[in-house]
Amino acid sequence: MKKVFHILAAMLTSSFVFAQEDSETPKSPATTFAGSADAYYKYDFSKQMNGLTSFTNSQDSFELGMASIEASHSFKKGSVFVDLGFGKRAGEFSYNETTDKDITAKFLIKQLYFTYEITDKFKVVAGSFSTHIGYELLDAVDNKNYSMSYAFSYGPFFNTGVKAQYTSGKFTAMLGITNPTDFKSAMDAGTNQKTYIGQLGYIGETGSAYLNFTSGSTNPVSSENKTQFDLVATKSISDSFGLGFNATYAQSKDDFDSTLDGEWFSLVGYANYSFKEDLSLAYRIEYFDAKDALNLGTLNGSSVFGNTISLNYKVGNLTIIPELRYDAASEDIFADSDALPTGGMFFALLATTYSF
């Protein structure tokens, strides 16, 4: 009997020791990997390269967009997210790090940030992360329309710095300070000026709304500072039908010459209808006003009314996107089939995206 007692005691002691060791040294979870890729063919009916928005500036050509590889890992209260991009789309996104010659050959860090969750409601993020401004996202797999809006193309792309985010129930708030917009290094920007970012958000059962803000240095070479206010809202009308809205206003000021000050705004509406699980139709309508802008190149002094319709057909993780787009401008900022100035632009494209 005494021998049995000793054996039981030893077993209990061993179990306690092992349990104590497990609690003191928990195993780190595995790294999670994901990725995506996209490509497209575009044909402008004027046979010109009329695109004035991001990522689809080509004509009668099969184009590779971007291949992305993502990795994330978390342990206890800390985590890291790495997002690498390869291709022309990644090069245009990180335009301050590339040149026209090597834009398609660069392997770039799109995002790299660390997160420390101080509490369940409060966390701090440090590194380089995509902008909180706007409705559309960089990766083609995250958008229903393949071509991008003017609001996306002329807003900020990313920030590098630190931000704090607080979430309480359905409400969220964020404040941060970063390098000049679209610069991963202030050393490359050539200035110690900073950009300040903020966001207030509400996430409901069938919709969400975000009020976004950014202000600070964007292009130190020309001493430009930009302040932008941005509203993004979504609403699910039914299981098949959803709406989105983006209103954004940007004002730029020059540190030394007030005659270079300008402003622009954009109103963008989105509608998406799912016929069935693997087939949906997306429509985007945009009014972009650059009549008082002085820093948008060809768009300066003009306004554009854009219409884009895209069919999304899914085959597993593959999505095929036939798309038609017509943009009408108040000024002759496009080119017709004779390469003469005209006020309209019409193109068709066929894109494919894949997520894994």
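Predicted model: local features only at pLDDT ≥ 70, side-chain atom pairs only at ≥ 80, totals over all residues.

Residues are numbered from 1 along each chain as its sequence is written, and side-chain values use heavy atoms, with hydrogens and water left out.

**Exercise 1.** Find the salt-bridge partner of K110 and say which elements the pair ties together.

*Solution.* 
- Step 1: look for a salt bridge, that is, a side-chain nitrogen of Lys or Arg within 4 Å of a carboxyl oxygen of Asp or Glu. K110 makes one with D83, and their closest N and O atoms are 3.1 Å apart.
- Step 2: K110 sits in strand β4 (residues 107–117) and D83 in strand β3 (residues 78–86), so the pair ties together parts that are 27 residues apart in sequence. Helices (H or I, at least four residues) and strands (E, at least two) are DSSP runs, numbered from the N terminus.
- Step 3: check D83 for cover. With a relative accessible area of 1%, D83 is buried.

**Exercise 2.** Work out where R89 and D38 lie, and whether each is buried or exposed.

*Solution.* 
- Step 1: the structure holds six salt bridges, and in one of them the side chains of R89 and D38 meet at 4.0 Å, N to O.
- Step 2: R89 belongs to helix α2 and D38 to strand β1 (residues 32–44), so this pair ties together parts 51 residues apart in sequence.
- Step 3: R89 has a relative accessible area of 3%, so R89 is buried. D38 counts as buried too, at 8% relative accessibility.

**Exercise 3.** Describe the salt bridge between E136 and R284.

*Solution.* 
- Step 1: the closest N and O atoms of E136 and R284 are 3.2 Å apart.

**Exercise 4.** Describe the second largest cavity by volume and lining.

*Solution.* 
- Step 1: get the idea. Rolling a probe the size of a water molecule over the atoms shows where empty space is left. On a 1 Å grid over the protein atoms alone, a cavity is a set of points where a 1.4 Å probe fits but cannot get out, and lining residues have an atom within 4 Å of a point.
- Step 2: take the volume, about 50 Å³. Grid points are joined across faces, edges and corners, and a volume is the space filled by probe spheres set on the points.
- Step 3: list the lining, which includes Y40, F55, K88, R89 and E92. The elements giving two or more residues to this lining are β2 (61–75) and α2 (88–93).

**Exercise 5.** Show how G198 and I133 compare in sequence and in space.

*Solution.* 
- Step 1: G198 is in strand β8 (residues 195–203), and at 7% relative accessibility G198 counts as buried.
- Step 2: G198 and I133 are 65 residues apart in sequence, and 9.6 Å apart in space, C-alpha to C-alpha.

How values were computed: 1 Å grid on protein atoms, 1.4 Å probe; cavity = no way out; pocket = protein on both sides within 12 Å on 5 of 7 lines; lining within 4 Å. Buried < 20%, exposed > 50% of the residue type's maximum accessible area, 1.4 Å probe, protein only.
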